[in-house]
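Subject: Two-chain model for you to look at

Hi,

Here is the structure I said I would pass on. Please open it before reading further. My notes follow below.

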Amino acid sequence: MISCTEFIPAYSELFKTLERLGGTPAVEAFWNDLSDRFLNNLRDLVVQHGIRGCWLYWSQTLNEEAAHFTMELDEEAGEFRILMHACPSKGRLLSLSHVTPFRDYCRHCDVLYRRVLEPLGYAYHFDSTGCDKASCSIHVRRRRTS
Amino acid sequence: MTREIMHRNASDNHYLHKDFHGGLSCGIEYLDIHFGTSVLHNYLRTFCRTFFAPLHAAVVTHGLSAIRKHYERVFEEEAGIIDVDASDDHLTITVRACPAILHMQKRGLPIAKRFCDSTRIMNECLCEGTPFTSELCDCNPRTGTCVQRFRRLS
């Protein structure tokens with residue numbers, strides 16, 4: 001059995017395989033498929049709880065992933081933020097001397113969650129400028145309805 | 001309360017996100033359906049040969065005890081249930097409760113038809129170029145049970 005603690009390098013290798021097979025479109029097609037089939041828990045939580053659904057979803061995943069993060073929810077303003085000080089996934093990839101991470105590994109976080117949240121009426125912004133040091137931020141904002 | 005803040009250091013939690021088994025399962029199914037089984041198997045071999053290279057080196061040096069130690073640690077960490085029967089020449093791991101299968105069932109995550117190929121190929125890669133061989137028997141993705149056999153080639 002490949003342990004869940006060994007998944008991230010397997011995930012990165014999968015992206016490299018897909019890129020070899022069909023370039024960036026093949027990688028993105030997989031990310032879209034994964035978002036549609038695997039992120040139903042995020043989708044269901046946001047449908048049920050609104051912006052608080054983001055808080056509920058990432059409260060579980062980021063704690064289970066032992067991330068170093070700060071998360072903020074402002075329900076009245078319809079805003080949710082994650083400041084990822086040290087991403088455990090990217091950090092793990094960078095720490096493995098015998099594994100070369102997929103060159104665009106962090107972008108899956110932009111594609112997967114945007115695809116869930118935008119159709120539900122939220123603006124999604126992913127700041128990847130610190131990705132080479134395993135840090136990033138996510139900002140989700142409820143769109144105003146006219 | 002409408003405003004909340006949560007701050008966590010990495011050391012506040014233990015790294016164990018079992019939903020990742022579902023992520024691997026989705027990837028396995030996607031490659032199998034869209035690119036074919038041989039592409040899936042090549043991907044798994046490439047990953048296992050690269051990522052498990054340090055464990056493979058330990059098998060070359062220490063024999064089957066390296067594989068035994070690895071799986072005992074993994075199954076303990078993920079709260080799986082295994083029986084182990086081992087000597088210098090053989091290792092049989094009887095999996096009575098596979099944490100990956102049971103977690104995906106519990107969460108209602110799709111289990112890829114060829115999910116267990118990841119175990120078979122991982123074990124084959126660990127034995128490549130060593131005096132050992134492996135086989136995966138009685139694999140039942142419904143019950144989360146299987147038998148992983150390793151033995152010294154005669």
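First, a term you will need. A helix crossing counts as right-handed if the near helix is turned clockwise from the far one by less than a right angle, and as left-handed if anticlockwise. Keep that in mind for the helix pair below. Note too that this is a predicted model.

**The helix pair**

Start with α1(A) and α2(B). Their axes are 10 Å apart, and the packing angle is about 130 degrees. Angles over 145 degrees count as roughly antiparallel and 65 to 115 as roughly perpendicular, with the rest above that range oblique. The two helices are therefore oblique to each other. Their crossing is right-handed.

Which residues meet there? From α1(A) come Pro9(A), Ala10(A), Glu13(A), Leu14(A) and Thr17(A). Facing them in α2(B) are Tyr43(B), Thr46(B), Phe47(B), Thr50(B) and Phe51(B).

**The interface**

The contact between the chains involves 39 residues of chain B and 41 residues of chain A. On the chain B side, β1 (3–8), α1, α2, α3 (53–62) and α6 each supply at least two residues.

**The cores**

The largest nonpolar core has 52 residues. Those with the most contacts inside it are Phe7(A), Ala10(A), Cys48(B), Ile67(B) and Met122(B). Chain A contributes through α1 (7–38). Several elements of chain B also supply at least two residues each, including α1 (20–35), α2 (37–51), α4 (64–77) and β5 (145–152). Which element gives the most to this core? That is α1(A), with 10 residues.

Look at Phe7(A) in particular. Beyond its neighbours within four places in sequence, Phe7(A) is in contact with Phe20(B), Gly23(B) and Leu24(B). Another core, of 27 residues, lies apart from the largest one. Among its residues are Leu62(A), Phe69(A), Met84(A) and Cys87(A).

**Chain A as a whole**

Chain A has five helices and four strands. Along the sequence they run α-α-α-β-β-α-α-β-β. The C-alpha atoms fill a box of roughly 50 × 30 × 30 Å along the principal axes. For 146 residues, a compact globule would have a radius of gyration near 15 Å; chain A has 16 Å, which agrees. Buried residues make up 39% of chain A. Of the contacts in chain A with a separation of 6 or more, 48% join residues 24 or more positions apart.

Best wishes

Definitions and conventions
Residues numbered from 1 in each chain as written. Chains lettered and ligands numbered in written order. Predicted model: local features only at pLDDT ≥ 70, side-chain atom pairs only at ≥ 80, totals over all residues. Core = buried A, V, L, I, M, F, W, Y, C linked by C-beta atoms within 7 Å. Buried ≥ 20, exposed ≤ 12 C-beta atoms within 10 Å, placed from the backbone. Contact = placed C-beta atoms within 7 Å. Rg over C-alpha atoms; globule rule 2.2 N^0.38 Å. Axes fitted to C-alpha atoms, helices over the stretch in contact; angles between N-to-C directions. Parallel < 35°, antiparallel > 145°, perpendicular 65-115°, else oblique.
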